[in-house]
Amino acid sequence: VTHSIPACIGSMTINSKQLDNETPVSIFAVNKCYETVQDGTFFDGSGFAALVREGYKVRSDVNITLEFRTTAAHGVLLGVSSAKVDAIGLEIVHGKVLFHVNNGAGRITAAYEPRGTNSLCDGKWHKLQANKSKHHISLIIDGNLVHTDNPYIQSTSADTNNPIYVGGYPADVKQNCLTSKSSFRGCLRNLVLTKGQHTELFDFSRAFDLCGVFPHSCPGAEH
């Protein structure tokens, strides 16, 4: 067994002596337990999850789907970058969802702005789909489609080679298609990236780096 148990443990005794959970000598990646939980991964607003250590290659096309739940108006959802300018990024800024793509010629953005300022940050689950197909990009939030014109039609491939950062990214990592440095606070689930016929569902418990991220369960409501 190489990973921790996704569970709550209480009232533990050793040799009839109850252990003190409140003042541990040391603690790592242990969160409080919640009376009501939902499937998903909890991001506490301080960190990130890093996936695909060897680097994810977006190239000409990628389709990203995920569900998110938050009460914060700002936060990084996902970023994949390169040492050059090529990159993609998903973020929440002022309650809007932005999908940025740079195929090397310049950044373009599809922006979804809800009618109410807080309508995406209401603590309820929302479905997101971001699609890049060559120089076309689109964003679908809860079934509402937004797409944007791209003046750089000759440039079609985002030649990325860095890991996928979800919910934030380390201070020393460059992200060419994210404007926010705010880590996401809330819950994410069902992160799927599709390229052609290849579909990959990402399990956050298998991330090669986790900071402030708790796989397997989300509190049923903000505490």
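Q: Which residues make the nonpolar surface patch of about 480 Å²?
A: This is a predicted model. Residues join such a patch when their relative accessible area is over 30% and they have no salt bridge. Nonpolar side chains are linked within 5 Å. The patch is made by I5, I9, M12, I14 and L19.

Q: Is I9 buried or exposed?
A: I9 sits in the segment before β1 (13–14). Its relative accessibility is 54%. The cut-off for exposed is over 50%, so I9 counts as exposed.

Q: What volume does the second largest pocket have?
A: Rolling a probe the size of a water molecule over the atoms shows where empty space is left. For the second largest pocket, the volume is about 210 Å³.

Q: Which residues lie closest to the centre of the second largest pocket?
A: The lining of this pocket has 14 residues. They divide into six nonpolar, five polar and three charged. Closest to the centre are G40, T41, R189, N190 and F202.

Q: Which strand gives the largest share of the lining of the second largest pocket?
A: The largest share is four residues. They come from residues 185–195, which is strand β14.

Q: Is H94 buried or exposed?
A: H94 is placed in the loop between β7 (87–93) and β8 (96–102). Its relative accessibility is 54%. Exposed means over 50%, so H94 counts as exposed.

Q: How many Å apart in space are H94 and A73, C-alpha to C-alpha?
A: In sequence, H94 and A73 are 21 residues apart. In space, their C-alpha to C-alpha distance is 5.1 Å.

Technical notes. Residues are numbered from 1 along each chain as its sequence is written. This is a predicted model: local features need pLDDT of at least 70, side-chain atom pairs count only at pLDDT 80 or more; totals for chains, interfaces and linings use all residues. Side-chain values use heavy atoms; hydrogens and water are left out. Patches are made of residues with over 30% relative accessible area and no salt bridge: like charges are joined within 9 Å, nonpolar side chains (Val, Leu, Ile, Met, Phe, Trp, Tyr) within 5 Å. Accessible areas come from the Shrake-Rupley method with a 1.4 Å probe; for residues, only the protein chains shown count as cover. A salt bridge is a side-chain nitrogen of Lys or Arg within 4 Å of a carboxyl oxygen of Asp or Glu. Helices (H or I, at least four residues) and strands (E, at least two) are DSSP runs, numbered from the N terminus. Buried means under 20% relative accessible area, exposed over 50%, partly exposed in between (1.4 Å probe, protein chains only). On a 1 Å grid over the protein atoms alone, a cavity is a set of points where a 1.4 Å probe fits but cannot get out, and a pocket is an open set with protein on both sides within 12 Å along at least five of seven lines; lining residues have an atom within 4 Å of a point. Grid points are joined across faces, edges and corners, and a volume is the space filled by probe spheres set on the points. Ala, Val, Leu, Ile, Met, Phe, Trp, Tyr, Cys and Pro count as nonpolar, Asp, Glu, Lys and Arg as charged, and the others, Gly among them, as polar.
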